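Please keep the sequence and the model in view while reading.

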Amino acid sequence: MTLDFDVYQDKVLGGWVGKCAGGILGAPIEGIKAFNTIPLTDDLFAVNYPNDDLDLQLLWLDMVKQHGADVRETDFAAHWKNHVGFPWNEYGVATRNLSCGLLPPLSGRHNNYYYHASMGCPIRSEIWGMLCAGNPRLAMTYAKMDASLDHDGFSVEAEQFLSACAALAFVESDIERILTQAVQLLEPNAAMAQLVADIVGWWKTCSYPVAMGKIKSKWGDADFTSAPMNVGFTILALLHNGQHFDCVMDALHLGHDSDCVAATAGALIGIIHGYRSIPEKWKKLVGNEVVISAEITGIDSPKTITDLAAQTCRAAIPFLNQDESMSSTGQWPRPYPVTKKQHHFLPNYDQGTLRFSYENLTDEKHTVVVELKSEHLAFEQTAVELTVAARTKTEGSVRGHHVADAGRAPARTYACEVRVNGGPGAAYHQGTPVYGSYVLIGPFIHDDPARLPMRPDYPEHGLSSMPSVDYMNHDGLNMQEEFIDLAHPEIYLDESTWPQYPFQVQKISPDDFRIDFSRYYYGKGERVVYLYSTIECPEDTKKWVSIGSTAPFQLRINQELLYEKAHTSRSWIGDNVVLADLKKGRNTLLIKVGLITDANLFELGFREFTGKHPHQEQWALLVPAL
């Protein structure tokens with residue numbers, strides 16, 4: 001493949017203009033989960049909103065300008081920790097995970113069951129397609145590293161797919177062929193592949209409005225940022241009108257995560273057709289300014305779209321040079337100076353196993369010794385020796401187990417010291433998050449006398465003395481009655497007294513924000529349980545307490561009833577949020593939960609308080625512990 005610089009630069013510029021066009025259009029209606037028919041007017045571009053769709057690609061551009069094509073998972077993690085202040089959704093979860101010592105892919109998977117398949121990473125796919133123009137497989141490699149920082153599953157597939165589409169758009173102009181070629185690079189059983197098959201099938205056999213409805217029906221989600229639904233809308237808009245830049249408006253009309261849908265469609269159309277082919281009305285409306293969110297700090301960000309394209313082209317040179325089949329023509333700029341890495345080491349401890357990879361980035365064979373140390377973990381081996389050929393990667397694993405509780409620390413820490421060819425060691429200090437401990441008191445189970453009578457019209461049994469089938473299959477739930485001494489729940493900390501109680505008392509340590517009560521008792525039915533723990537604070541402070549629960553519950557801190565939920569609902573941790581005043585020293589936490597369904601969900605976390613809405617606050621590293 002031959003890549004001419006003028007053509008390449010024109011396509012890169014077109015892609016960034018399309019990205020900005022969709023982002024500006026969609027931002028004001030982001031989150032409105034409805035289709036619309038907004039007309040294109042100058043007023044829609046009156047404000048150039050900062051947008052995470054572009055912000056995070058500016059972040060990665062700054063990273064690759066420093067590290068070149070040798071960027072790896074640890075570079076993504078470090079750049080995120082140093083420069084990203086977004087507290088929302090999967091971004092906030094990933095930030096907490098990284099702060100506790102997790103690295104990708106665990107930083108995107110752990111404690112992220114609700115947001116792992118959201119739009120936060122598919123929206124930053126274009127930069128990898130631009131840097132790896134014409135090489136979709138390579139684009140997908142970097143997209144996977146990127147996506148795994150704060151996502152898992154479908155969203156990782158979606159960013160890989162969209163990055164491949166962007167890379168192919170430099171050498172292919174037909175939308176359907178681009179989609180088909182990109183999907184062939186996915187695993188055959190990938191959910192992203194099924195989504196594309198559905199959208200293409202509906203586009204060919206249904207009217208456009210019917211296809212819109214089918215996407216929402218099959219792939220829809222209450223979370224407006226859910227990736228399958230929104231990526232589906234993007235694909236439909238591209239198939240419907242992808243030969244014209246006005247496709248951005250078709251994408252806007254699909255609503256939901258509107259800025260993401262429109263910006264992703266606009267970027268791909270812009271790459272395909274190039275800047276010169278974008279209608280003048282769009283160039284005038286979009287302008288040339290690049291704005292960046294206040295939460296992205298400390299990076300070298302371009303101020304104009306023109307400069308953004310120029311920097312992208314310059315940063316792309318080491319990526320493009322990895323493709324030996326590519327030749328270039330034209331006047332290319334000099335690449336950014338970068339420090340060449342000797343190796344990349346990636347450790348992650350999960351579910352009793354430390355898994356690590358070592359990549360030799362040099363032209364010489366390495367003998368590597370990995371030494372393991374931890375106060376909280378005992379490893380079966382304290383040192384592992386590897387022989388790694390030039391330009392290859394190898395993986396290793398060591399079993400371990402907890403030997404000490406991390407107490408109120410947010411993570412159990414461990415250290416890996418890596419020595420290459422007998423040289424000085426490089427230390428990697430990592431951790432695995434801890435979610436504290438509780439005393440689980442109960443369950444308390446009682447029958448429900450109100451359900452006793454059989455139906456008078458159709459009695460269930462031959463004997464009138466027998467209770468109803470309804471009674472036989474339900475118990476009573478009484479949230480008004482207290483089954484323990486609320487004034488002195490600390491008495492249940494004394495394990496020596498547990499045998500005297502006519503109910504279960506045990507200590508539990510959740511694996512994440514979620515507490516799966518079914519792990520600690522047997523059986524179905526209505527019941528009441530209590531969770532008791534303490535919170536140590538170095539000073540008087542305020543924290544948001546954030547709880548998700550399918551069941552009614554009561555929250556008490558320092559014996560004060562702080563919050564009460566009397567109904568059942570879906571479980572989302574942002575559903576029940578209350579501001580708590582915590583005093584210096586020990587605070588008591590007591591939660592009463594009325595379990596009703598057989599699949600109960602309960603989760604609890606703390607957010608910082610700096611005077612803003614909890615959605616705008618970062619997750620705290622506060623750990624309730626006994």
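N135 has its place in the loop between α6 and α7 (136-147), where helices (H or I, at least four residues) and strands (E, at least two) are DSSP runs numbered from the N terminus. The model is a predicted one, in which local features need pLDDT of at least 70 and side-chain atom pairs count only at pLDDT 80 or more, while totals for chains, interfaces and linings use all residues. Residues are numbered from 1 along each chain as its sequence is written, and side-chain values use heavy atoms, with hydrogens and water left out.

With a relative accessibility of 18%, N135 counts as buried, a word that here means under 20% relative accessible area, whereas exposed means over 50% and partly exposed covers what is in between (1.4 Å probe, protein chains only). Leaving aside neighbours within four places in sequence, N135 is in contact (heavy atoms within 4.5 Å) with A167 and D323. The loop between α5 (106-109) and α6 (126-131) holds N112, which is buried at a relative accessible area of 2%; leaving aside neighbours within four places in sequence, N112 is in contact with E90, V93, D150 and H151.

## Salt bridges

A salt bridge is taken as a side-chain nitrogen of Lys or Arg within 4 Å of a carboxyl oxygen of Asp or Glu, and by this rule the count comes to 26. One of them joins R109 to D152, with the closest N and O atoms 3.7 Å apart. Because R109 lies in helix α5 and D152 in the loop between α7 and α8 (154-168), this pair ties together parts that are 43 residues apart in sequence. Both ends are partly exposed, R109 at 39% relative accessibility and D152 at 26%.

The side chains of D146 and R124 also meet in a salt bridge, at 2.5 Å from N to O, and this pair links helix α7, which holds D146, with the loop between α5 and α6, which holds R124, 22 residues apart. Here D146 is buried, with a relative accessible area of 0%, and R124 is likewise buried at 0%. A further salt bridge is formed by E536 and R586, whose closest N and O atoms are 2.9 Å apart; since E536 lies in strand β13 (residues 527-537) and R586 in strand β18 (residues 585-595), the pair ties together parts that are 50 residues apart in sequence.

## Nonpolar cores

A nonpolar core is a set of buried Ala, Val, Leu, Ile, Met, Phe, Trp, Tyr and Cys residues joined through side-chain atoms within 4.5 Å. The largest has 121 residues, of which W128, F161 and M192 touch the most other members, and helix α1 (residues 5-26) gives the most to this core, with ten residues. Apart from it lies another core, of 29 residues, among them L555, V578, I591 and L595.

## Strand β17

Strand β17 (residues 576-582) has a covered face, made by N576, V578, A580 and L582, and an uncovered one, made by V577, L579 and D581. In a regular strand the side chains alternate between the two faces of the sheet. Strand β14 (residues 541-549) pairs with β17 in the antiparallel sense over seven bridges, where pairing requires that DSSP finds at least two bridges between the strands. L582 in β17 is the bridge partner of T541.
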